[in-house]
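Morning, everyone. I have one structure to walk through today. Please have a look at it before I start.

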Amino acid sequence: MSDVAIVGIGMHEFGRHDGVSGMDMGVVAVRRALADCGQQWSDMQFAVGGSMDSGAADTMVSRVGLTGLPFTNVMNGCATGGTALSQSINTIKSGAADIGIAIGFDKHEKGAFRIKGPRGKDWYGGSGLALTTQFFGMKITRYMHEYGITQQTLARVAAKAFRNGAINPMAWRRKPMSEQEVLDSLMLSWPLTQYMFCSPGEGGVAMVVCRADKAKEYTDRPIYLKAATMRTRQFGSFEVLAPSVALDRNAGPTSDAAKAAFEMAGIGPQDIDVAQLQDTESGAEIMHMAENGFCEHGEQEHMLANGETEINGRLPVNTDGGCLANGEPIGASGLRQVYENVLQLRGDAGKRQVPNNPKVAYTHVYGAPGISGVTILSR
Amino acid sequence: MPNTIAVADGIFNIVDGRPVLLGSRCTNCDNHMFPRQQGCPRCMFDQQEDIELASTGTLWSWTIQAFPPKAPPYLGPVGEDFVPYGVGYVELPGQVRVEARLTVADPDQLKIGMAMEIVLEPLTVDDDGNTVVTYAFTPTSPGGQS
């Protein structure tokens, strides 16, 4: 799969922006993506977009232009942005269009997500169980028990995220924080402290995609999609917001999406030069390193201690500070990862540029109720 | 007259002051599910029978809810009255792992693999004076129910 290219990227700064709506940020991202490849909204032959809390994406046409283009709304939890991109890719591959745009934006209230219960059952939220944070605490508690990961390693992940965020002008949290400060912050959901968690936030990202054979008409530095996959959970996987879990164990949708993506791209984890992995909290980044195939379970302990996932390490992970430093506007988050990889592959990542001209880059999102999406990009 | 009432119907019954969890068993592949549902996610068979789940098990994983959940939907005390509580998955042998509140919220007192038993946990008092309860698991007391 190398018949689709990303030619334009645009982002609205992540963080908290009083008086700016989620839709406003989506519109800014769209204008920046179009400007990045010298195109107009009227050049777009289709659009795919989504947000969770900021309204139907297609209503933005009243502001960016009533051109009559087909605009599909998508909503797929944390994979919403990734789904917007994968639907755009499929539209190009089908031959239905030559060029179009994928859009994701969001703006959430402060604090943990307010979730009623699975299937609308209020007993779950009423009993105090409808918090995604609890799942993250329980998944890493079990993982630490099975594979010997320590709380210090959780703190290392967060400290790395804030170091990287500090040199990313688009990030929300741009103040470095020591491992000790992370460990000493408020305990929210054992063993995870306040600064080991990302926060629901605000932001927008858009990207223009086109037929690979036409990419040079729009940019002299196209980035090619080698794979884009999405999977839902199989029986036995341990997922967020689950009142019960089967006794059977399954590796989960991340492993399935990763395997499919590597197969589609015809490469393996050892070929990846930079990776953006879903880090809803520190434990997630650690577990997702193994679930995506970048190491064996338990190896993360020494990989983090040795700095192997730093920007100048063997496998740089979350070079833009990830969800931890950027926050998580659900609709935009997956596209933020792709945006960062495009910058890295173009050599435009500034102070956080991965050295030695990275050629292949990887993104991974995970979300409720057990979905995962992966992309592999190359120059 | 005020009573003790369950947070919702169909999740658990209250029998002799203890909750009995209501689950489903797939009549084709024996998969156990909680809460009750029709349709088996393992074998895709559509016929399940109603069962009562075990009242004891072992702690499979846990965390502690240290900040007040948003209310709504949470029914328990929030703000200054909030009391941290444990949350865990308890493995009911041969059945399923059930997510539950834990009566213990001290990390030093929770260990994966420890024996647990089910109890009622009060959440709030409704407008009629009824005590609204949910189910929770507590470490099995030494010499007590095994």
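I'll take the strands, then a helix pair, then the cores and the interface. Keep in mind that this is a predicted model.

Strands first. In chain A, E8, residues 223-232, pairs with E1, residues 4-15. That pairing is antiparallel, over two bridges. A:Ala5 sits opposite A:Tyr224 of E8(A). E8(A) also pairs with E12(A), residues 371-378. These two run antiparallel as well, joined by eight bridges. Here A:Ala228 faces A:Thr375 in E12(A).

Now the helices. H3(A) covers residues 80-93, and H12(A) covers 330-346. Their axes come within 5 Å and cross at roughly 60 degrees. Which residues make the contact? From H3(A), A:Thr80, A:Gly81 and A:Leu85. From H12(A), A:Ile330, A:Gly331, A:Leu335 and A:Val338. That splits into four nonpolar, three polar and no charged residues.

Next, the cores. The largest nonpolar core has 93 residues. Those touching the most other members come from both chains. In chain A they are A:Trp123, A:Ile272, A:Tyr362 and A:Ile376. In chain B they are B:Leu21, B:Tyr135 and B:Phe137. A second, separate core holds 34 residues, among them A:Val74, A:Met170, A:Ile311 and A:Leu377.

Last, the interface. 38 residues of chain A contact 44 of chain B. The two chains bury about 3,500 Å² between them, with 62% of it on carbon and sulfur atoms. Which chain A residues lose the most area to chain B? A:Trp123, A:Met138 and A:Leu247, together 20% of what that side buries.

Methods: Residues numbered from 1 in each chain as written. Chains lettered and ligands numbered in written order. Predicted model: local features only at pLDDT ≥ 70, side-chain atom pairs only at ≥ 80, totals over all residues. Heavy atoms only, no water. Pairing = 2+ DSSP bridges. Helix = DSSP H or I, 4+ residues; strand = E, 2+ residues; numbered from the N terminus. Core = buried A, V, L, I, M, F, W, Y, C linked by side-chain atoms within 4.5 Å. Buried < 20%, exposed > 50% of the residue type's maximum accessible area, 1.4 Å probe, protein only. Axes fitted to C-alpha atoms, helices over the stretch in contact; angles between N-to-C directions. Contact = heavy atoms within 4.5 Å. Nonpolar A, V, L, I, M, F, W, Y, C, P; charged D, E, K, R; others polar. Buried area = accessible area lost by both parts, 1.4 Å probe.
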